[in-house]
Amino acid sequence: MGRPGISPVNSHNEWDPLEEVIVGRLEGSTIPSSHPVVTCNIPPWAARLQGLAAGFEYPQRLIEPAQQELDQFIALLESLDVTVKRPEAVDHKHRFGTPDWQSRGFCNSCPRDSMLVVGDEIIETPMAWPCRYFETHSYRELLKDYFRRGARWTAAPKPQLTEALYEKDFRPPEEGEPMRYILTEFEPVFDAADFVRAGRDLFVTRSNVTNLLGIEWLRRHLGPEYRVHEIESRCRVPMHIDTTFVLLAPGKVLVNPEYVDVDRLPDVLDSWDVLIAPEPDPIDERLLKMTSMCGKWLSMNVLMIDEKRVIAERHHTGMLRALEKWGFEPIPCDLLHYAPFGGAFHCATLDVRRRGTLETYFD
């Protein structure tokens with residue numbers, strides 16, 4: 001079967017007009033295993049609780065409010081003339097494994113983690129959490145359809161995820177200690193959510209799910225047409241760039257003042273406006289504070305509809321006001337209760353098609 005002339009997949013950056021997006025699902029969500037690569041990002045008391053609950057479905061008192069907000073978010077996207085696609089619902093309690101390990105699943109709430117879109121190509125990522133090993137299977141009908149209609153579809157090498165990938169007896173660094181990560185360089189692993197795109201330039205954070213070999217694999221795969229720049233994070237438990245460094249529009253980047261030293265940003269950003277994220281509004285709901293894996297800076301986890309319009313969390317009024325001051329048109333929406341499942345608007349989506357072409361934004 002020959003490739004048609006126009007691919008249904010086309011997304012080069014974070015801000016071109018959004019035309020089609022995949023939005024995650026909550027059905028069948030299962031509390032992930034107590035594997036060290038999962039629990040290294042949460043406090044010890046939370047890790048103990050997770051170990052007791054691992055393999056059970058998330059309780060309805062968490063799922064129901066999150067599902068209501070997700071439905072409203074989807075309705076908002078459709079009202080903005082964005083086509084919304086969804087993965088298949090999956091029962092993530094099923095056990096699976098390789099010759100080296102066994103696990104149950106997690107959820108498919110965050111397509112941003114397991115797939116990276118660069119131009120007309122969708123890349124399945126080699127994720128470091130064993131419970132997410134087969135997560136992209138719930139997207140396979142969509143992926144096959146995009147491929148049949150002309151998209152490129154690549155899967156990075158499936159990792160072994162043996163003990164050699166993880167530092168034994170790892171503990172996060174304390175304040176003042178040198179940065180360290182749970183991942184070794186045994187094999188390439190990365191989550192797509194550690195990358196953001198600006199045409200021929202991509203930015204990445206090394207983290208507890210993305211190692212240097214993973215970054216190098218993507219750099220070689222994309223080839224000399226692209227450049228991959230590393231953003232240093234001061235977060236003691238780094239995981240995903242979209243609460244650290246957020247590309248909003250040509251010439252404008254939003255940074256987390258706790259995690260980013262603006263004096264150490266890559267030189268290519270010297271001509272850009274570096275916008276400092278305001279302190280997030282406090283969250284008083286105790287259950288949300290206990291169950292979120294993402295920390296307080298989800299206020300930065302926004303979704304650009306185009307260079308001006310941006311969907312942002314209604315609760316975080318400080319961020320809404322800041323976006324207006326910077327010249328954007330924020331669209332308030334509720335998704336606060338999605339945090340226990342891995343994120344907010346950027347995490348919950350994968351922009352498959354944006355109306356635009358490959359451009360260079362840096363000298």
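Tutor: Start with S1, which pairs with strand S17 (residues 349-354) in the antiparallel sense, over five bridges. Two strands count as paired if DSSP finds at least two bridges between them. Strands (E, at least two residues) and helices (H or I, at least four) are DSSP runs, numbered from the N terminus. Within this pairing, Ile22 has Leu350 of S17 as its bridge partner.

This is a predicted model: local features need pLDDT of at least 70 and side-chain atom pairs count only at pLDDT 80 or more, while totals for chains, interfaces and linings use all residues. Residues are numbered from 1 along each chain as its sequence is written, and side-chain values use heavy atoms, with hydrogens and water left out.

S1 has another partner. It pairs with strand S2 (residues 83-85) in the parallel sense, over three bridges. There, Val21 has Val84 of S2 as its bridge partner. Five of the six residues of S1 are buried, so the rest of the structure largely encloses this strand. Buried means under 20% relative accessible area, exposed over 50%, and partly exposed in between (1.4 Å probe, protein chains only).

Now the charges. Side chains of opposite charge can pair when their charged atoms come close. A salt bridge here is a side-chain nitrogen of Lys or Arg within 4 Å of a carboxyl oxygen of Asp or Glu. That rule gives 29 salt bridges. One of them joins the side chains of Glu14 and Arg197, at 3.1 Å from N to O. Glu14 sits in the segment before S1 (18-23) and Arg197 in strand S8 (residues 195-198), so this pair ties together parts 183 residues apart in sequence. Both Glu14 and Arg197 are buried.

Another salt bridge joins Arg152 to Asp120, at 2.8 Å from N to O. It also links distant parts of the chain: Arg152 is in strand S7 (residues 152-155), and Asp120 is in the loop between strand S5 (115-118) and strand S6 (121-124), 32 residues apart. Arg152 is partly exposed, at 38% relative accessibility.

S5 and S6 run antiparallel, joined by four bridges. Val118 stands opposite Glu121 in S6. The hairpin has two residues between its strands, and Gly119 takes a positive phi near 70 degrees there. Along S5, Met115 and Val117 point one way, Leu116 and Val118 point the other way, and all are buried.

Next, Arg309 and Asp306. Their closest N and O atoms are 2.8 Å apart, which makes a salt bridge. Arg309 is partly exposed, with a relative accessible area of 28%. Asp306 is buried, at 16% relative accessibility. Elsewhere, salt bridges that share partners join Glu14, Arg112, Arg197, Asp351 and Arg354 into one network.

Last, a helix. In helix H8 (residues 317-325), the buried residues are Gly318, Met319, Leu320, Ala322 and Leu323. Their cover includes strand S11 (245-249), strand S12 (252-255), strand S15 (309-313) and strand S16 (329-333); contact means heavy atoms within 4.5 Å.
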